[in-house]
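Hello,

Here is the structure for you to look through. My notes on it follow below.

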Amino acid sequence: MEAGAGAAVRVPLPLAPAAAGGPHPTAGGRAPRRPTVPVRVGPVVIGGAAPVSVQTMTKTPTEDVEGTVEQIARAADAGADLIRVTCDTREAGERLPEIVRRSRLPIVADIHYDAPLALVAIDAGVHCLRLNPGNIRQTEKVAEIARRCGAAGIPIRIGVNAGSLPDRGRLARGRGDGGPEEVGERMVAAALGHIRILEALDFRDIKVSLKASDVLTNLAANRQFAALRNRYPLHLGLTEAGPTRSGAIKSAVGIGLLLAEGIGDTIRVSLVDEPEEEVRVARQILATLETRPSGPNLIACPTCGRLEIDMRPMVARVEAALAGVRRSITVSVMGCVVNGPGEGMHADIGIAGGRQKGILYRRGQVLRTLPEAELVDALVAELQRIAQEDRELLAAGRPLPEGIPQGAADGVPDR
Ligand code: SF4
């Protein structure tokens, strides 16, 4: 993929109902998407009519080409659409051309204060810069970056974090004296300041992020920005969301509520975990909201006194096997045959435990009765077969099917 493989297409669009104070999302599912001007990051379109994309960030030093390329490959396997890498040293900049060449995903280079490094990244062929022009003191250097980005068709993400606002002392408990709304206003004002610098240079190939670690502040900032009349796409995420479980919950609430309101064009979940885990959580958020067909969905009963099998290790094994599956598919694991198959009826495939034995079923139809010891093995084997098929389809550039094609499971034709 070439840098700047096409400049962003600017399509005039009407103001969104969401931006104009339209219907509340709970009145009937998700609110209409806030219209935005599409921005192109290599082959990935963000905003406009494009599906909400998933991104993550490498955690290796960028100087480590092998480690970085390998981490990008794992993020791609997990379903990332694009990836950010830090470009914080001269050496990192020198490694970028090889990383861009070998990356399976379009690259966003993260630049902080160093204008020469931004130019190095542009020359390296990255597909987007994350850069706040107000952080670069010399206006002529900002003008040079904007001119070069414009010529190469490289958009700029302006990223405002609550923790980086001037007067951080007012951010007690992450919210500030004035609460989420007041901090949100300061974040939006900071973003608009950066936007004005680029607009004054006639550069509008922009997307914006407003991130806080506090969910309510995050919601306030993004809602306020979405209510403005500009149409720049929004990148959603919570900063410093935390370890996997609590971070995933915070992100699901903070990102999910905004998506349900029609706000947001690309998302990044930030966890103290591997990039591929961030991608899996992000895709789960999208799948939950049915924002796009976004991979597997595992349903499992909570268990109760009727439980007849050792559920937890089974669920853990099925979850691990699903990590390799990319298509949209619903898999269920139920604790007993009394309610299992019925409650898992809508699943594409699943198992339900019995006394020392259980059943493998597909969309409510029993395929086989198996001893308990073989039950999860049968389901895992099926998921591994599907994962392999998904890998081959993606490698061939072919679309993934949804669910399990007719007759594919256990040799039993579909009903
Ligand atoms: S499927 Fe069976 S074990 Fe699981 S919660 Fe329902 S009744 Fe209980």
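Four of the five residues of strand β3 (residues 53-57) are buried, so the rest of the structure largely encloses this strand. A residue is called buried if 20 or more other C-beta atoms, placed from the backbone, lie within 10 Å of its own. Helices (H or I, at least four residues) and strands (E, at least two) are DSSP runs, numbered from the N terminus.

Two sentences on the source. This is a predicted model, in which local features need pLDDT of at least 70 and side-chain atom pairs count only at pLDDT 80 or more, while totals for chains, interfaces and linings use all residues. Residues are numbered from 1 along each chain as its sequence is written.

Which strands are joined to β3 by three bridges each? One is β10 (residues 266-268), which runs parallel to β3, and here Ser53 stands opposite Thr266. The other is β4 (residues 82-86), also parallel to β3; two strands count as paired if DSSP finds at least two bridges between them. On the β4 side, Gln55 stands opposite Leu82, and Met57 has Arg84 as its bridge partner.

These pairings belong to a closed barrel of eight strands with parallel pairing, in the order β3-β4-β5-β6-β7-β8-β9-β10. From one strand to the next, the twist averages 25 degrees. Angles run from 0 to 180 degrees between N-to-C directions, with axes fitted to C-alpha atoms (for helices, over the stretch in contact). Helix α8 (residues 275-288) packs on the sheet and touches β3 and β10. The direction of α8 makes about 155 degrees with that of β3. Contact means that the C-beta atoms of two residues, placed from the backbone, lie within 7 Å.

Next, the nonpolar cores. A nonpolar core is a set of buried Ala, Val, Leu, Ile, Met, Phe, Trp, Tyr and Cys residues joined through C-beta atoms within 7 Å. The largest has 82 residues, of which Ala109, Ala121, Val126, Leu129 and Ala191 touch the most other members. Helix α5 (residues 179-200) gives the largest share of this core, seven residues. Another core, of 26 residues, lies apart from it and includes Met314, Ile351, Leu360 and Leu379.

For the chain as a whole, there are eleven helices and 15 strands. Of its 415 residues, 48% count as buried. Among contacts between residues at least 6 apart in sequence, 65% join residues at least 24 apart.

Regards

Definitions and conventions: Buried ≥ 20, exposed ≤ 12 C-beta atoms within 10 Å, placed from the backbone.
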